[in-house]
Amino acid sequence: MAEAFKFELVSPERLLVSEQVESVVIPGAEGEMTVMAHHAPVMTTIKPGVVTVKTAAGGEERYVVFGGFADIVPAGCTLLAESAVAVKDVDRADLARRIQEAKEDATDAKDDEARSKAEQFLSQLTTLEGAILPA
Amino acid sequence: MPSLKDLRNRIASVKATQKITKAMQMVAAAKLRRAQEAAEAARPYSERMGSVLANITQAIGGGGDAPALMTGTGKDDVHLLVVCTAERGLCGGFNSQIARLARDHIRKLLADGKQVKIICVGKKGFDILRRDYASLIIDRVDLREVKTLGFVNADAIAKKVIHLFNEGGFDICTLFYSQFKSVISQIPTAQQIIPAGVASAQAEVTDGGNAVYEYEPEPGEILSDLIPRNISVQVFRALLENAAGEMGAKMSAMDNATRNAGEMINKLSITYNRQRQAQITKELIEIISGAEAL
């Protein structure tokens, strides 16, 4: 039984999660990472992906987040997501719309830097779509 | 002197008006509660954002790699004013208060020989400012269709502003909105969002604050990602406060209207009763004097 710590998932609209958890898997910008109690202080941006929360009570919850950043201190972890929804509530149409927008961004990009950024974002979104759509 | 029938009609129409204002007041009260809840739900995010921002700025120490959105262009020639008002009227002095603050600000800037650009959010502010400064308004955002204010709405506005900034469209951006204090008081406020004052990062560093953070990616990179987001959050907060303020103002305005209608009904009823009594007395006198003459 791992030690529990405080995890908060906040989106601009509301506070989604605020509870004691065992571990959280965060889709960091430079790779996924699992956060447990007494983690070294880290601040990282996150990419679109799935956050997996293992609660102290033993349950497991999954949330889809679209970008944001995480603030990790030994005592807890705060995830500020641009928008976040529980996996079971994900709106397919919304996801499809975001992908469509990302595609448009990629084709409209003026310079190489912007294009590679847009394409990266697009690939993250499609990976995400693959990850949450039940096979 | 109006006839009895006229009076009756008057009373009926005032009563109908009173019913409408009463209903509007109750609707506003319900909406106010929802708007307040939304504003409250959004608070944790902006608070955390503030403390994270404080952490990072501390880490960077105001070094040279702070993004331009934060340090500004170093000039202060062109000002952009984002004026947020309500979409609808009938809410007392709510809209005109914000517009007045904005207008005073514009007048001062123009007197100083600065260039001013305006983005109007909400129809009412646009209508008011259009009268004097139509040539300065470069854009307007219509939120009329929006049922529930979402972060996307604020994000769209913030993106517009940031895009304009990156094109060198302005040097300083100020946000005008109404701060929700209570149902009866909303304070029109001007808040500078670009360059983002480090003063906004006043929040106390959270627990374990003096620990040395690791940054992934580099602090500068995080910051350049964070600042635009922070602007969106500020705009979002302004919109939410505005929504709550509008409903509060509407509620008290409609409450006043209902009370006025009640007073009017009282006065009219008294006149009506008096006149009716006068007529009865007159008829009685006629009958009695007729009987005496026999």
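**Close-up views of a predicted two-chain model**

View 1. Over residues 5-84 of chain A, the chain is 71% strand and 0% helix. The model is predicted. UniProt, in an unreviewed entry, lists residues 5-84 of chain A as "domain: ATP synthase F1 complex delta/epsilon subunit N-terminal".

**View 2. A helical stretch of chain A carries a coiled-coil annotation.** UniProt places the feature "coiled-coil region" at residues 92-119 of chain A, again from an unreviewed entry. In the model, residues 92-119 of chain A are 89% helix and 0% strand. The end C-alpha atoms of this stretch lie 21 Å apart.

**View 3. Chain A is assigned two domains.** Domain 1 of chain A covers 5-87, and domain 2 covers 91-132. Their C-alpha centres are separated by 23 Å. Contact between them involves 6 residues of domain 1 of chain A and 5 residues of domain 2 of chain A. On the domain 1 side, 4 of the touching residues are nonpolar, 1 is polar and 1 is charged.

**View 4. Gly49(A) is buried in strand β5 of chain A.** The strand spans residues 49-55. Is Gly49(A) buried or exposed? Gly49(A) has 23 other C-beta atoms within 10 Å, so Gly49(A) counts as buried; the cut-off is 20 or more. Leaving out residues up to four places away in sequence, Gly49(A) touches Pro27(A), Val65(A) and Leu128(A). Tyr63(A) is 14 residues away along the chain, with 8.4 Å between the C-alpha atoms of Gly49(A) and Tyr63(A).

**View 5. Chain A and chain B meet.** The contact takes in 23 residues of chain A and 24 residues of chain B. On the chain A side, β2 (15-28), β4 (42-46), β7 (68-73) and β8 (76-81) each supply at least two residues. Which element gives the largest share of that side? β4(A) does, with 4 residues. By class, the chain A side holds 13 nonpolar, 6 polar and 4 charged residues.

**View 6. β4(A) pairs with a strand of chain B.** The partner is β6 of chain B, residues 214-216. The two strands run parallel and are joined by 3 bridges. Within this pairing, Thr44(A) stands opposite Glu216(B) in β6(B).

**View 7. Leu80(A) has contacts in both chains.** Leu80(A) lies in strand β8 of chain A. Why does Leu80(A) count as buried? Leu80(A) has 27 C-beta neighbours inside 10 Å, and the cut-off is 20 or more, so Leu80(A) is buried. Phe69(A) and Leu80(A) are 11 residues apart in sequence and 5.4 Å apart in space, C-alpha to C-alpha.

**View 8. Chain B is divided into two domains.** Domain 1 of chain B is made of two segments, 4-23 and 254-288. Domain 2 of chain B runs over 33-251. The C-alpha centres of the two domains of chain B lie 50 Å apart.

**View 9. β1(B) is largely enclosed.** How many of the 7 residues of β1(B) are buried? The count is 6 of the 7, so β1(B) is largely enclosed by the rest of the structure. β1(B) pairs with β2(B) in the parallel sense, over 7 bridges. Val78(B) stands opposite Gln115(B) in β2(B).

**View 10. Helix α4 of chain B packs through buried residues.** The helix covers residues 123-133. Its buried residues include Lys124(B), Gly125(B), Phe126(B), Ile128(B) and Leu129(B). They pack against β1 (78-84), α3 (94-111), β2 (115-121) and β3 (137-141) of chain B.

**View 11. The largest nonpolar core has 97 residues.** Leu79(A), Leu81(B), Val82(B), Val83(B), Phe176(B) and Val235(B) touch the most other members. Helix α6 of chain B, residues 219-293, gives the most to this core, with 18 residues. Leu81(B) touches Ala102(B), His105(B), Ile106(B), Val116(B), Ile118(B), Thr174(B) and Phe176(B), not counting residues up to four places away in sequence. In soluble globular proteins, nonpolar side chains tend to be buried together.

Key. Residues are numbered from 1 along each chain as its sequence is written. Chains are lettered from A and ligands numbered from 1 in the order in which they are written. This is a predicted model: local features need pLDDT of at least 70, side-chain atom pairs count only at pLDDT 80 or more; totals for chains, interfaces and linings use all residues. UniProt positions are given in the numbering used here, feature names are shortened, and annotations may be inferred rather than shown by experiment. Domain bounds come from an automatic or database domain assignment. Two residues are in contact if their C-beta atoms, placed from the backbone, lie within 7 Å. Ala, Val, Leu, Ile, Met, Phe, Trp, Tyr, Cys and Pro count as nonpolar, Asp, Glu, Lys and Arg as charged, and the others, Gly among them, as polar. Two strands pair if DSSP finds at least two bridges between them. A residue is buried if 20 or more other C-beta atoms lie within 10 Å of its own, exposed if 12 or fewer, and partly exposed in between; C-beta atoms are placed from the backbone. A nonpolar core is a set of buried Ala, Val, Leu, Ile, Met, Phe, Trp, Tyr and Cys residues joined through C-beta atoms within 7 Å.
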